[in-house]
Amino acid sequence: MIDESLKDKTAKGLFWGGMNNGVQQLLGLTFGILLGRLLDPSDYGMTAMLAVFSVIANELQSSGFKTGLINLKSPRHDDYNAVFWFNIIAGVVIYAILFLSAPLIADYYHQPKLIPLSRYVFLGFVFSSFGMAQSAYMTKQMQIKQIAKCGMTATLTSSIVSVILAALGFGYWALATQYLMYIAVNTLLLWYFSDWRPTLKVTFEPVRRLFPFSFKIMLSAIFTQLNNNIMNLLLGRYYGETNTGHFNQAYQWSSKCFLLVGNMMRQVDQTVLVGLHDERERQLAVLRKMVRFTAFISFPLLFGLGLVSHEFIVLSIGEKWAFSASLLPYLCLCGAFMPLSTLLTDAIISQHRSDIYLWSTIILGVLQTGLMLALWREGIYTMVIAYTILNIFWVFVWHFFAHRLMGYRLIDFVKDIMPFAIVAAADMIVTGWCSSMIVYALRSVGEYAALWLLLISRTIIAALIYFAVMRLSGAVILKECIAFITKKKSS
């Protein structure tokens, strides 16, 4: 049995991690609708084409040291201090390199406007360099509540500013400013809530000691970001900023859901699993419970968004985004499995096997890039379908290594996730049929009213069916969630 202190600490971490990501995604939903109405697909395409360079530079700057600090049993002040100063130096150097590389980036995409935009956007990882060590410290101390406050406040502030700029006609500059404002506000608040402070007396010995582990994390993260952004990278070159904007809009909506689940788990999973490293049976039991909890939320959430994709997109941000709506169901199917990949990779890293994480990520990146390059002439739909199939398959590759390192058998993994996947899929099929019958029975209503009726009826019916099936089947995860929420309300 898992002791109550660990269960309570993990539950609180999940609650505040969920609160943080939930509020951020809700704010992202609200302001994303406003921005989607104010801006054009080409505006989103402009910033999407730069995303891969920003995230890669960010990973080069942090160099995996945040993960390295979290995976230390008891990191000292010198460890945090060395990482803090290293990140600042790396951030400034990388920004200088990318500042000079801006014309090359613009030339790759055949878009001169990217030169000033890229130099503006890339300031983000200079700002973020001041908060990496603070974030690692607070995560290690399980100060998830404070981290949540930072993220929620930064999201609200940056979103308000971006909507104002978009309304004033600044176009893609509004999206770029939103990105920079979020990082700046979040970094300032991390400093406010954290009681750790850097000192000028610094030795880089901890950086050298952490480097073998952290370097592999860095390379893995770079390839992960390449994998996540390969479509933007290729679509921007071969299909232009408008089509890139359509894909990016669909990807952003699906990612709001799978990041809600994945980031909630990431707030606590490595810290908890590392703490149980000497108790293998308990560690596996905790991992399996995390997998079940992830599947319990991820499958109905993403399958549900896929079901209402057309109605949601057209009603929220307009008919001009209809192409994005047609791509969204495929990305939702893929996204339902993404939080499981996140959880399994974190489990592998918790076993101090960053080398496995690195090489598996590289192989996935090579396969994905080769597949997209081979298929780009076949059209965007073919590329998205291939992207979806490959990423779902790769979940089981991650499981294979979790089995070798932690004894997590395939039959157990399937038992942990398939009941939720099957129930969620059946739920959406039944909901789709029932809601279509409702609209057919009321076929005299206009097209706009029919879309609203579909969106509302599908959301309510799907939620009620899933809850009823879970309750009647006696799902332990549902009982524990209800018990925790009840306890939270009473306290």
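These legends go with several views of one predicted chain.

View 1. Residues are numbered from 1 along each chain as its sequence is written, and side-chain values use heavy atoms, with hydrogens and water left out. You will find 21 helices and zero strands here; these are DSSP runs numbered from the N terminus, helices being H or I of at least four residues and strands E of at least two. The C-alpha trace spans about 75 × 60 × 45 Å along its principal axes.

View 2. A nonpolar core is a set of buried Ala, Val, Leu, Ile, Met, Phe, Trp, Tyr and Cys residues joined through side-chain atoms within 4.5 Å. Buried means under 20% relative accessible area, exposed over 50%, and partly exposed in between (1.4 Å probe, protein chains only). This core has 122 residues, and M231 and F299 touch the most other members. Helix 18 (residues 380–406) gives the most to this core, with 14 residues. Leaving out residues up to four places away in sequence, M231 touches G236, F247, M372, M383, V384 and Y387, where contact means heavy atoms within 4.5 Å.

**View 3. The second core.** Look here for a separate core of 21 residues, which includes F84, I88, C150 and L190.

**View 4. L364 and its partners.** L364 sits in helix 17 (residues 354–375) and is buried, with a relative accessible area of 7%. Beyond its neighbours within four places in sequence, L364 is in contact with N227, L390, N391 and W394. To place L364 against another part of the chain, find S254: the two residues are 110 apart along the chain, and their C-alpha atoms are separated by 21 Å.

**View 5. S341 in helix 16.** Helix 16 (residues 338–350) holds S341. This serine counts as buried, at 10% relative accessibility. Setting aside neighbours within four places in sequence, S341 is in contact with V395 and W398.

Methods. Predicted model: local features only at pLDDT ≥ 70, side-chain atom pairs only at ≥ 80, totals over all residues.
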